[in-house]
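Good morning, everyone. Please look at the sequence and the structure on the screen, and then I will walk you through some of the details.

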Amino acid sequence: MVSAFEGNKAETKTMLPVIEAFMAAHDLPDVTVVADAGMISEANQKAIEAAGLSFILGMKIPRVPYALAQWRREHPGEDIPDGHVFTQPWPAGPNAKRRDQVIYYQYRADRARRTLRGIGEQVAKAEQAVAGKAPVKRNRFIRLSGGTRSVNRDLEAKARALAGIKGYVTNLQACPDGTPVTPEFVIGAYHRLFQIEKSFRMSKSDLQARPVSCRRRHEMGYADVRVMPTSQ
């Protein structure tokens, strides 16, 4: 199915209407929403919960998770094994309007290498800017306080501690076949998102006409706008 919305409507505002229309059209009693952190606002997540739907979501990690910090306390000086998953249950409180959730944090050595390299480059640029040897540009590791510039070492330490870690949260109570939910199922479902994105990805050279973007609903003349792939 394809849905069209005004160009000035944020994607975070279109998710639930599209899901509900899809369920109604195909007579589905339940679906599981799989999405990355950029598509899901806090309000969207609450709306998905209120609709009684399940989800598997990529999540931002604002601080070092307890499970990760505990592992490092118990394994001082050791490297986290590649592919290791930390499981952190997040039960709903007595007054919470949500199901119990579980957060899985997966470590990937290759992801850590790429992230640490990027952190090193940004910190080096921040140090040059603080020393007055380079202009101050957008750099999350530069702390500005009044007229004073410094390298934010606390943020650097946190970023390095989280290098290689990706978070996934779910409220699924069981897999579709009735078996218990596993980290492999949750992470595997999330990683299949790239297949969906790939199937919709096309370049302007694939089209005989340029796409038309309308900002307001009364501009959306569906019958007059035709965007056809060259293969057709």
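**Salt bridges, a sheet and a patch**

By salt bridge I mean a side-chain nitrogen of Lys or Arg within 4 Å of a carboxyl oxygen of Asp or Glu.

Before going on, a word on the source. This is a predicted model, where local features need pLDDT of at least 70, side-chain atom pairs count only at pLDDT 80 or more, and totals for chains, interfaces and linings use all residues. Residues are numbered from 1 along each chain as its sequence is written, and side-chain values use heavy atoms, with hydrogens and water left out.

Back to our pair. Arg114 and Asp110 are 4 residues apart in helix α4, so about one helical turn separates them. Helices here are DSSP runs of H or I with at least four residues, strands are runs of E with at least two, and numbering goes from the N terminus.

The cut-offs: buried is under 20% relative accessible area, exposed is over 50%, and partly exposed is in between, with a 1.4 Å probe and protein chains only.

How many salt bridges are there by this rule? The count comes to 6. Another one joins Glu156 to Arg160, with the closest N and O atoms 3.0 Å apart. Both lie in helix α5 (residues 153–161), 4 residues apart, about one turn of the helix. Glu156 is buried, at 12%. Arg160 is partly exposed, at 35%. The two also belong to a network of salt bridges, together with Glu127 and Arg153.

Now the sheet. What is the order of its strands? It is an open sheet of 5 strands, β1-β2-β7-β4-β3, with mixed pairing. Strands pair if DSSP finds at least two bridges between them. β1 (32–35) and β3 (85–90) are at the edges with a single partner strand each, so one side of each has no neighbour in the sheet. On average, neighbouring strands are turned by 15° against each other, direction ignored.

Look at β1 and β2 (residues 54–59). They run parallel, joined by 4 bridges. Thr32 stands opposite Ser54, and Val34 stands opposite Ile56. β2 is mostly covered, with 5 of its 6 residues buried.

Next, helix α3 (residues 66–74). It lies across β3 and β7 (165–170), at about 130° to β3. Axes are lines fitted to C-alpha atoms, for helices over the stretch in contact, and angles run from 0 to 180 degrees between N-to-C directions. Contact means heavy atoms within 4.5 Å.

Last stop: Leu28, in the loop between α1 (15–26) and β1. Leu28 is partly exposed, at 31%.

That is my tour. Thank you.
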